[in-house]
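Thanks for coming. I will walk through one model, and you can follow along on the screen.

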Amino acid sequence: MAVFLLSAGWGRSYSACVDDLFQKPIGAATRFCAVYGQPIRHSGSPAMHNAALAKLGLDWRYLAFEVSPDALGQAIEGARAMHFVGLNLTVPHKLLAVELVDELDESATTWGAVNTISFEAKNESGDWTPLGQLPGPATGEIRAKGYNTDADAITLALQQDLGLSLAGQRVLLLGAGGAGRVAALKLAAEGVAELHLVNRTVAKAEDLAHEIAERFPQTKATVGYPENIPDQIDLVLNATSLGLKPDDALPIDESQFSLENAPAVFDMIYQPALTPLLARATDAGCRTANGLGMLLWQGAKALEIWTGQPAPIDVMRTALQSHIYGDE
């Protein structure tokens, strides 16, 4: 896949063009934001966000840090103390962070997980304002406000990458952890007819099914695989981490449900671009998509929260494609 920056001209790689955009060296006025996770080396967020920050002309840098769950509170406090603009959180931190921020946006309250933190201070009028939107250095108290930008990103990616209209769909969801829980609740809110929840820890899937029954009774949520009947499932969605490593087992037990009976398969994993699940689904004739679109849309919303500016979607998408597929 050949990828080029819009105005950089043909014959030069995207990564080289992005390097050219960063004309200013890091200095005392440079602002920082970051993603925390464990593992984190696979993350495409720095490539996406640094390209966007360059396009917006901001003297900011986006970093990535390996942070263990037991150190998450300290890591958030460190970013607050150093006046970071904000943070993104990935596996395994999204549920833990709910209890570690000072304020929850409605999105985080609704979906019960935090994947974006905006550090805020009061402006001259006394209103809490993201640090990235203040005209000068913050003074006084700084608070951490948690958001969830994953939920809307899931539905946008399914709609745009797989052409799915979610109302009335029947979904087999693999994984009921942080990402799986948000996906299940959002899909139920969008009006899917059935959710079949498969999780290694059955009790967690049972708790999620009960929550869906209480909050979204129009969606039938059951635990375990459906009967293996053709056309019973419209979408298989992987929300587990199986597939990050090339030797990972498939997240689905095809003795329980064959992918030949699934018209569409979505894997939240985006690195590698072709997971074992997606390779098997392609062989089975399914329409497939990885988590690139989801990462794009959640990142775009996070950037808009921090900056107050529209995110440069095309630049961010191109940066992600270059990061994952490479410059050819």
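**The sheet and what packs on it**

Let me start with an open sheet of six strands, in the order 10-9-8-11-12-13, with parallel pairing. Two strands pair if DSSP finds at least two bridges between them. Strands here are DSSP runs of E of at least two residues, helices are runs of H or I of at least four residues, and both are numbered from the N terminus. The model is predicted, so to speak of a local feature we need pLDDT of at least 70, and side-chain atom pairs count only at pLDDT 80 or more, while totals for chains, interfaces and linings use all residues. Residues are numbered from 1 along each chain as its sequence is written, and side-chain values use heavy atoms, with hydrogens and water left out.

At the edges of the sheet sit strand 10 (220-223) and strand 13 (287-289), each pairing on one side only. From one strand to the next, the twist averages 15 degrees; angles run from 0 to 180 degrees between N-to-C directions, and axes are lines fitted to C-alpha atoms, for helices over the stretch in contact.

Strand 11 and strand 12 (residues 264-267) run parallel and are joined by four bridges. Asn 238 has Asp 267 of strand 12 as its bridge partner. Helix 8 (residues 276-283) packs on the sheet and touches strand 11, strand 12 and strand 13, where contact means heavy atoms within 4.5 Å. The direction of helix 8 makes about 165 degrees with that of strand 12. Helix 7 lies across strand 9 and strand 10, and runs at about 170 degrees to strand 10.

**Helix 6**

Is helix 6 mostly covered or mostly uncovered? Mostly covered: nine of its 12 residues are buried, meaning under 20% relative accessible area, with exposed over 50% and partly exposed in between (1.4 Å probe, protein chains only). Among the buried residues are Arg 181 and Lys 186. The cover includes helix 4 (106-111), helix 5 (150-162) and strand 8 (170-174). It also includes strand 9 (194-198), helix 7 (202-215) and strand 11 (235-238).

As for length, the 12 residues of helix 6 (residues 178-189) should span 16 Å at 1.5 Å a residue, and the end C-alpha atoms are 17 Å apart, which agrees. The expected span is 1.5 Å times one less than the number of residues. Just after helix 6, Gly 191 takes a positive phi of about 90 degrees.

**A loop proline**

Pro 226 lies in the loop between strand 10 and strand 11. At 7% relative accessibility, Pro 226 counts as buried. Leaving out residues up to four places away in sequence, Pro 226 touches Leu 172, His 196, Gln 232, Ile 233, Gln 256 and Phe 257. Pro 226 and Leu 197 are 29 residues apart in sequence, and 9.4 Å apart in space, C-alpha to C-alpha.

**Backbone exceptions**

Most residues other than glycine have a negative phi, and most peptide bonds are trans. Which bonds are cis here? Pro 39 is in the loop between strand 1 (31-37) and helix 2. Another cis peptide bond joins Val 91 and Pro 92, with omega about 10 degrees. Pro 92 is in the loop between strand 3 (86-89) and strand 4 (103-104).

His 83, a residue other than glycine, has a positive phi near 60 degrees. His 83 lies in the loop between helix 3 (72-81) and strand 3, and is partly exposed, with a relative accessible area of 30%.
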